[in-house]
Amino acid sequence: MAGLMSRFTTLFKVKANKALDRAEDPGETLDYSYQKQLEMLQKVKRGVADVVTSKKRLQLQTAKLEESIVKLDGQARQALAANREDLARTALERKTLIQGQLQGLDSQIAQLEQQQQTLIDQERRLSAKVESFRTHKEVVKAQYSAAEAQVRIGEATTGLGEEMSDVGLALTRAQDKTEQMQARAAAVNELVDTGAIDDLTQPAGSDLDQQIAALTAGNQVDAELAKMKAELGTGGGAAGELATGTPAESAPAAEAAPAEEPKP
Amino acid sequence: MIVRILGRGQFQLDDALLGRLNELDNAVAAAVASGDAAGFSRAFGELIGMVESEGKPVPDDELVTSDHVLPHADTTLEEAREAFAGEGAIPG
(Lines give C-alpha, C1' and ligand atoms only; values in the text may rest on other atoms or scores of the structure.)
Protein backbone atom coordinates (compact mmCIF):
# COMPACT_ATOMS: atom_id res chain seq x y z
CA MET A 1 0.00 0.00 0.00
CA ALA A 2 1.32 3.42 -0.95
CA GLY A 3 1.65 6.02 1.79
CA LEU A 4 -1.20 8.17 2.95
CA MET A 5 0.78 11.25 1.95
CA SER A 6 1.27 10.26 -1.68
CA ARG A 7 -2.36 9.22 -1.90
CA PHE A 8 -3.51 12.61 -0.61
CA THR A 9 -1.00 14.50 -2.71
CA THR A 10 -2.36 12.89 -5.87
CA LEU A 11 -6.02 13.39 -4.93
CA PHE A 12 -5.47 16.96 -3.85
CA LYS A 13 -3.46 17.99 -6.92
CA VAL A 14 -6.22 16.79 -9.21
CA LYS A 15 -8.68 18.90 -7.28
CA ALA A 16 -6.41 21.94 -7.09
CA ASN A 17 -5.78 21.89 -10.84
CA LYS A 18 -9.51 21.79 -11.44
CA ALA A 19 -10.09 24.76 -9.16
CA LEU A 20 -8.80 27.32 -11.64
CA ASP A 21 -8.70 25.47 -14.94
CA ARG A 22 -11.52 27.51 -16.42
CA ALA A 23 -9.20 30.47 -16.73
CA GLU A 24 -6.52 30.13 -19.37
CA ASP A 25 -4.68 33.42 -19.35
CA PRO A 26 -3.45 35.15 -16.18
CA GLY A 27 -5.87 38.06 -16.60
CA GLU A 28 -8.82 35.70 -16.62
CA THR A 29 -7.35 33.75 -13.74
CA LEU A 30 -7.27 36.90 -11.68
CA ASP A 31 -10.90 37.85 -12.43
CA TYR A 32 -11.99 34.30 -11.86
CA SER A 33 -10.06 33.97 -8.63
CA TYR A 34 -11.55 37.20 -7.27
CA GLN A 35 -14.98 35.92 -8.09
CA LYS A 36 -14.19 32.58 -6.46
CA GLN A 37 -12.76 34.33 -3.44
CA LEU A 38 -15.93 36.38 -2.97
CA GLU A 39 -18.05 33.24 -3.25
CA MET A 40 -15.84 31.48 -0.74
CA LEU A 41 -15.89 34.42 1.63
CA GLN A 42 -19.69 34.20 1.65
CA LYS A 43 -19.55 30.46 2.19
CA VAL A 44 -17.01 30.76 4.97
CA LYS A 45 -19.20 33.34 6.72
CA ARG A 46 -22.18 31.02 6.44
CA GLY A 47 -20.01 28.10 7.55
CA VAL A 48 -18.86 29.99 10.64
CA ALA A 49 -22.46 31.00 11.43
CA ASP A 50 -23.57 27.35 11.16
CA VAL A 51 -20.77 26.24 13.43
CA VAL A 52 -21.69 28.90 15.99
CA THR A 53 -25.36 27.87 15.88
CA SER A 54 -24.47 24.22 16.42
CA LYS A 55 -22.20 25.16 19.27
CA LYS A 56 -24.96 27.16 20.99
CA ARG A 57 -27.37 24.30 20.54
CA LEU A 58 -24.94 21.91 22.19
CA GLN A 59 -24.38 24.33 25.06
CA LEU A 60 -28.14 24.59 25.66
CA GLN A 61 -28.34 20.85 25.55
CA THR A 62 -25.60 20.54 28.13
CA ALA A 63 -27.65 22.69 30.51
CA LYS A 64 -30.74 20.60 29.82
CA LEU A 65 -28.92 17.34 30.47
CA GLU A 66 -27.51 18.67 33.73
CA GLU A 67 -31.07 19.50 34.82
CA SER A 68 -32.23 16.00 33.90
CA ILE A 69 -29.50 14.46 36.00
CA VAL A 70 -30.60 16.38 39.08
CA LYS A 71 -34.23 15.47 38.43
CA LEU A 72 -33.56 11.76 37.90
CA ASP A 73 -31.42 11.63 40.99
CA GLY A 74 -34.27 13.12 43.02
CA GLN A 75 -36.73 10.70 41.48
CA ALA A 76 -34.49 7.76 42.34
CA ARG A 77 -34.44 8.90 45.96
CA GLN A 78 -38.20 9.24 46.04
CA ALA A 79 -38.70 5.82 44.49
CA LEU A 80 -36.34 4.22 46.96
CA ALA A 81 -38.03 5.95 49.88
CA ALA A 82 -41.28 4.44 48.58
CA ASN A 83 -39.67 1.00 48.47
CA ARG A 84 -39.73 0.94 44.70
CA GLU A 85 -36.22 -0.18 43.96
CA ASP A 86 -37.18 -1.13 40.41
CA LEU A 87 -38.16 2.44 39.62
CA ALA A 88 -35.15 3.84 41.41
CA ARG A 89 -32.99 1.57 39.26
CA THR A 90 -34.63 2.79 36.07
CA ALA A 91 -34.09 6.41 37.08
CA LEU A 92 -30.44 5.77 37.88
CA GLU A 93 -29.95 3.89 34.64
CA ARG A 94 -31.26 6.88 32.76
CA LYS A 95 -29.08 9.16 34.80
CA THR A 96 -25.98 7.11 33.90
CA LEU A 97 -26.87 7.21 30.23
CA ILE A 98 -27.34 10.97 30.30
CA GLN A 99 -24.05 11.43 32.14
CA GLY A 100 -22.36 9.57 29.28
CA GLN A 101 -23.95 11.89 26.72
CA LEU A 102 -22.84 14.90 28.70
CA GLN A 103 -19.18 13.86 28.57
CA GLY A 104 -19.38 13.57 24.78
CA LEU A 105 -20.88 17.03 24.41
CA ASP A 106 -17.90 18.82 25.93
CA SER A 107 -15.48 17.43 23.38
CA GLN A 108 -17.92 18.20 20.57
CA ILE A 109 -18.16 21.82 21.62
CA ALA A 110 -14.35 22.00 21.62
CA GLN A 111 -14.25 20.46 18.13
CA LEU A 112 -16.68 23.04 16.81
CA GLU A 113 -14.62 25.85 18.26
CA GLN A 114 -11.62 24.48 16.40
CA GLN A 115 -13.59 24.28 13.15
CA GLN A 116 -14.61 27.88 13.55
CA GLN A 117 -11.01 29.03 14.02
CA THR A 118 -9.76 26.96 11.06
CA LEU A 119 -12.31 28.53 8.73
CA ILE A 120 -11.39 32.03 9.85
CA ASP A 121 -7.64 31.35 9.41
CA GLN A 122 -8.16 29.85 5.98
CA GLU A 123 -10.20 32.73 4.70
CA ARG A 124 -7.44 35.10 5.85
CA ARG A 125 -4.81 33.06 3.99
CA LEU A 126 -6.88 32.89 0.83
CA SER A 127 -7.48 36.65 0.81
CA ALA A 128 -3.76 37.30 1.22
CA LYS A 129 -2.93 34.94 -1.65
CA VAL A 130 -5.46 36.42 -4.06
CA GLU A 131 -4.06 39.86 -3.34
CA SER A 132 -0.52 38.57 -3.77
CA PHE A 133 -1.47 36.95 -7.07
CA ARG A 134 -2.65 40.30 -8.37
CA THR A 135 0.64 42.04 -7.50
CA HIS A 136 2.73 39.12 -8.65
CA LYS A 137 1.10 39.09 -12.07
CA GLU A 138 1.94 42.77 -12.67
CA VAL A 139 5.55 42.38 -11.52
CA VAL A 140 6.14 39.29 -13.65
CA LYS A 141 4.63 40.89 -16.74
CA ALA A 142 6.91 43.90 -16.36
CA GLN A 143 10.11 41.92 -15.73
CA TYR A 144 10.01 38.84 -17.92
CA SER A 145 9.44 37.82 -21.50
CA ALA A 146 5.97 36.53 -22.34
CA ALA A 147 7.09 32.91 -22.32
CA GLU A 148 8.95 33.17 -19.02
CA ALA A 149 6.06 35.12 -17.48
CA GLN A 150 3.68 32.33 -18.47
CA VAL A 151 5.76 29.78 -16.54
CA ARG A 152 6.11 31.96 -13.45
CA ILE A 153 2.45 32.86 -13.38
CA GLY A 154 1.63 29.20 -13.89
CA GLU A 155 3.37 28.34 -10.62
CA ALA A 156 1.51 31.11 -8.79
CA THR A 157 -1.76 29.93 -10.30
CA THR A 158 -1.18 26.42 -9.01
CA GLY A 159 -0.42 27.84 -5.57
CA LEU A 160 -3.65 29.81 -5.62
CA GLY A 161 -5.62 26.80 -6.86
CA GLU A 162 -4.29 24.78 -3.93
CA GLU A 163 -5.42 27.38 -1.45
CA MET A 164 -8.90 27.52 -2.92
CA SER A 165 -9.26 23.76 -2.84
CA ASP A 166 -8.05 23.70 0.73
CA VAL A 167 -10.69 26.26 1.77
CA GLY A 168 -13.33 24.37 -0.22
CA LEU A 169 -12.47 21.15 1.62
CA ALA A 170 -12.57 22.89 4.98
CA LEU A 171 -16.06 24.14 4.20
CA THR A 172 -17.28 20.68 3.25
CA ARG A 173 -15.72 19.26 6.37
CA ALA A 174 -17.26 21.91 8.65
CA GLN A 175 -20.64 21.25 7.08
CA ASP A 176 -20.35 17.49 7.62
CA LYS A 177 -19.35 18.03 11.23
CA THR A 178 -22.23 20.38 12.02
CA GLU A 179 -24.70 18.01 10.35
CA GLN A 180 -23.40 15.07 12.35
CA MET A 181 -23.64 17.03 15.55
CA GLN A 182 -27.13 18.26 14.80
CA ALA A 183 -28.26 14.70 14.20
CA ARG A 184 -26.70 13.63 17.46
CA ALA A 185 -28.17 16.58 19.32
CA ALA A 186 -31.63 15.63 18.06
CA ALA A 187 -31.15 12.06 19.26
CA VAL A 188 -30.06 13.24 22.70
CA ASN A 189 -33.04 15.59 22.91
CA GLU A 190 -35.36 12.71 22.18
CA LEU A 191 -33.73 10.70 24.92
CA VAL A 192 -34.15 13.50 27.43
CA ASP A 193 -37.75 14.22 26.39
CA THR A 194 -38.86 10.61 26.61
CA GLY A 195 -36.51 9.66 29.40
CA ALA A 196 -38.14 11.57 32.25
CA ILE A 197 -40.16 9.44 34.61
CA ASP A 198 -43.34 11.40 35.04
CA ASP A 199 -45.34 8.98 37.12
CA LEU A 200 -43.56 6.93 39.71
CA THR A 201 -46.47 4.53 40.10
CA GLN A 202 -46.24 3.41 36.48
CA PRO A 203 -43.84 0.53 35.94
CA ALA A 204 -41.28 1.16 33.26
CA GLY A 205 -41.49 -1.05 30.18
CA SER A 206 -41.06 0.92 26.97
CA ASP A 207 -38.55 0.19 24.22
CA LEU A 208 -36.48 3.03 25.52
CA ASP A 209 -36.29 1.45 28.96
CA GLN A 210 -34.97 -1.79 27.49
CA GLN A 211 -32.53 0.12 25.39
CA ILE A 212 -31.34 2.05 28.39
CA ALA A 213 -31.01 -1.09 30.48
CA ALA A 214 -28.87 -2.70 27.79
CA LEU A 215 -26.60 0.29 27.51
CA THR A 216 -26.16 1.06 31.14
CA ALA A 217 -23.31 0.18 33.34
CA GLY A 218 -25.05 -1.86 36.02
CA ASN A 219 -22.20 -1.49 38.47
CA GLN A 220 -22.59 2.22 38.83
CA VAL A 221 -26.32 1.83 39.42
CA ASP A 222 -25.82 -0.84 42.07
CA ALA A 223 -23.26 1.32 43.81
CA GLU A 224 -25.56 4.33 43.79
CA LEU A 225 -28.50 2.28 45.02
CA ALA A 226 -26.41 0.98 47.91
CA LYS A 227 -25.27 4.50 48.73
CA MET A 228 -28.81 5.87 48.71
CA LYS A 229 -30.05 2.97 50.83
CA ALA A 230 -27.32 3.68 53.34
CA GLU A 231 -28.25 7.35 53.41
CA LEU A 232 -31.90 6.50 53.94
CA GLY A 233 -31.15 3.90 56.61
CA THR A 234 -32.29 0.95 54.37
CA GLY A 235 -35.42 2.88 53.39
CA GLY A 236 -37.79 0.36 54.97
CA GLY A 237 -40.11 2.65 56.92
CA ALA A 238 -39.99 5.60 54.59
CA ALA A 239 -42.73 4.47 52.21
CA GLY A 240 -45.32 6.72 53.78
CA GLU A 241 -43.40 9.84 52.82
CA LEU A 242 -44.37 9.45 49.24
CA ALA A 243 -48.11 9.44 48.60
CA THR A 244 -49.09 6.85 46.01
CA GLY A 245 -49.73 8.32 42.58
CA THR A 246 -47.99 11.62 43.28
CA PRO A 247 -46.85 12.96 39.92
CA ALA A 248 -43.20 13.86 39.75
CA GLU A 249 -43.96 17.49 38.90
CA SER A 250 -45.51 18.12 42.30
CA ALA A 251 -42.48 16.73 44.06
CA PRO A 252 -39.47 18.31 42.39
CA ALA A 253 -36.03 16.95 42.99
CA ALA A 254 -34.98 19.90 45.10
CA GLU A 255 -37.64 19.17 47.70
CA ALA A 256 -36.78 15.51 47.88
CA ALA A 257 -33.23 16.32 48.90
CA PRO A 258 -32.51 17.25 52.52
CA ALA A 259 -33.25 20.95 52.81
CA GLU A 260 -30.18 21.99 54.74
CA GLU A 261 -29.23 24.96 52.63
CA PRO A 262 -31.51 27.99 52.41
CA LYS A 263 -33.13 28.47 49.02
CA PRO A 264 -31.51 31.13 46.85
CA MET B 1 10.32 20.91 0.14
CA ILE B 2 6.85 22.31 0.72
CA VAL B 3 4.34 20.23 2.68
CA ARG B 4 0.70 21.23 3.00
CA ILE B 5 -1.44 20.08 5.90
CA LEU B 6 -5.05 20.56 4.81
CA GLY B 7 -6.69 23.24 6.93
CA ARG B 8 -3.37 24.40 8.37
CA GLY B 9 -1.55 25.70 5.32
CA GLN B 10 1.93 25.08 3.89
CA PHE B 11 5.25 24.45 5.63
CA GLN B 12 8.78 24.71 4.29
CA LEU B 13 10.86 21.70 5.37
CA ASP B 14 14.47 20.75 4.90
CA ASP B 15 14.77 18.13 2.11
CA ALA B 16 16.86 15.98 4.47
CA LEU B 17 13.68 15.24 6.43
CA LEU B 18 12.05 13.38 3.55
CA GLY B 19 13.32 10.02 4.80
CA ARG B 20 11.80 10.50 8.23
CA LEU B 21 8.59 11.81 6.67
CA ASN B 22 8.25 8.70 4.50
CA GLU B 23 9.02 6.46 7.44
CA LEU B 24 6.18 7.94 9.49
CA ASP B 25 3.92 7.93 6.46
CA ASN B 26 4.54 4.21 5.97
CA ALA B 27 3.68 3.58 9.61
CA VAL B 28 0.42 5.47 9.07
CA ALA B 29 -0.39 3.42 5.97
CA ALA B 30 0.39 0.18 7.81
CA ALA B 31 -1.94 1.17 10.66
CA VAL B 32 -4.70 1.95 8.16
CA ALA B 33 -4.17 -1.39 6.42
CA SER B 34 -4.42 -3.34 9.67
CA GLY B 35 -7.22 -1.20 11.12
CA ASP B 36 -5.09 -0.31 14.14
CA ALA B 37 -6.79 2.83 15.49
CA ALA B 38 -4.29 3.48 18.29
CA GLY B 39 -1.32 2.96 15.96
CA PHE B 40 -2.92 5.24 13.40
CA SER B 41 -3.47 8.14 15.77
CA ARG B 42 0.05 7.76 17.18
CA ALA B 43 1.85 7.64 13.81
CA PHE B 44 -0.37 10.24 12.16
CA GLY B 45 -0.04 12.56 15.17
CA GLU B 46 3.73 12.22 14.97
CA LEU B 47 3.70 12.93 11.23
CA ILE B 48 1.63 16.13 11.64
CA GLY B 49 3.67 17.13 14.68
CA MET B 50 6.93 16.73 12.81
CA VAL B 51 5.82 18.91 9.88
CA GLU B 52 4.59 21.59 12.25
CA SER B 53 7.61 21.59 14.53
CA GLU B 54 10.37 21.10 11.94
CA GLY B 55 8.72 23.19 9.23
CA LYS B 56 8.53 26.92 8.82
CA PRO B 57 5.06 28.22 7.87
CA VAL B 58 4.94 29.62 4.33
CA PRO B 59 3.91 33.31 4.56
CA ASP B 60 0.24 34.00 3.77
CA ASP B 61 1.04 36.05 0.68
CA GLU B 62 3.41 33.53 -0.93
CA LEU B 63 2.18 31.45 -3.84
CA VAL B 64 3.99 28.12 -4.07
CA THR B 65 3.06 24.62 -5.10
CA SER B 66 3.18 21.86 -2.48
CA ASP B 67 5.41 18.84 -2.98
CA HIS B 68 3.44 16.78 -0.49
CA VAL B 69 -0.06 17.03 0.93
CA LEU B 70 -1.26 15.65 4.26
CA PRO B 71 -4.92 15.33 5.23
CA HIS B 72 -6.56 17.37 8.02
CA ALA B 73 -4.90 16.98 11.40
CA ASP B 74 -8.12 15.53 12.88
CA THR B 75 -8.49 12.86 10.19
CA THR B 76 -9.86 9.62 11.60
CA LEU B 77 -8.79 6.09 10.72
CA GLU B 78 -12.12 5.66 8.95
CA GLU B 79 -11.55 8.74 6.77
CA ALA B 80 -8.03 7.63 5.93
CA ARG B 81 -9.35 4.23 4.90
CA GLU B 82 -11.88 5.90 2.62
CA ALA B 83 -9.10 7.94 1.01
CA PHE B 84 -7.32 4.72 0.09
CA ALA B 85 -10.52 3.11 -1.11
CA GLY B 86 -11.72 5.84 -3.45
CA GLU B 87 -11.99 9.59 -3.57
CA GLY B 88 -12.81 9.54 0.11
CA ALA B 89 -11.98 12.65 2.06
CA ILE B 90 -11.34 14.57 -1.13
CA PRO B 91 -14.61 14.62 -3.04
CA GLY B 92 -14.43 15.58 -6.72
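Colleague: What makes the contact of Asp74(B) with Arg173(A) a salt bridge?

Modeller: In this predicted model, the closest N and O atoms of Asp74(B) and Arg173(A) are 2.6 Å apart, and because a salt bridge asks for a side-chain nitrogen of Lys or Arg within 4 Å of a carboxyl oxygen of Asp or Glu, the pair qualifies as a salt bridge. Asp74(B) lies in the loop between strand 4 and helix 3 (77–85) of chain B, while Arg173(A) belongs to helix 4 (residues 146–195) of chain A, so this pair joins two chains.

Colleague: What makes Glu85(A) and Lys229(A) a link between distant parts of the chain?

Modeller: Their side chains meet in a salt bridge at 3.0 Å, N to O, although Glu85(A) is in helix 3 (residues 85–143) of chain A and Lys229(A) in helix 6 (residues 218–232) of chain A, 144 residues apart. Glu85(A) counts as partly exposed at 31% relative accessibility, and Lys229(A) is likewise partly exposed, with a relative accessible area of 31%. Over all chains, the search of the whole structure finds 24 salt bridges, and one network of them links Lys13(A), Arg125(A), Glu162(A), Glu163(A), Asp166(A) and Arg4(B).

Colleague: Why are strand 3 and strand 4 of chain B called edge strands?

Modeller: The open sheet of chain B has four strands in the order 3-2-1-4, with mixed pairing, and strand 3 (56–57) and strand 4 (68–70) each pair on one side only.

Colleague: How do you know that strand 1 and strand 4 of chain B pair, and in which sense?

Modeller: Two strands pair if there are at least two bridges between them, and strand 1 (residues 2–5) and strand 4 of chain B have three bridges, in the parallel sense, so they count as paired. Within strand 4 of chain B, His68(B) is the bridge partner of Val3(B).

Definitions and conventions: Residues are numbered from 1 along each chain as its sequence is written. Chains are lettered from A and ligands numbered from 1 in the order in which they are written. This is a predicted model: local features need pLDDT of at least 70, side-chain atom pairs count only at pLDDT 80 or more; totals for chains, interfaces and linings use all residues. Side-chain values use heavy atoms; hydrogens and water are left out. Buried means under 20% relative accessible area, exposed over 50%, partly exposed in between (1.4 Å probe, protein chains only).
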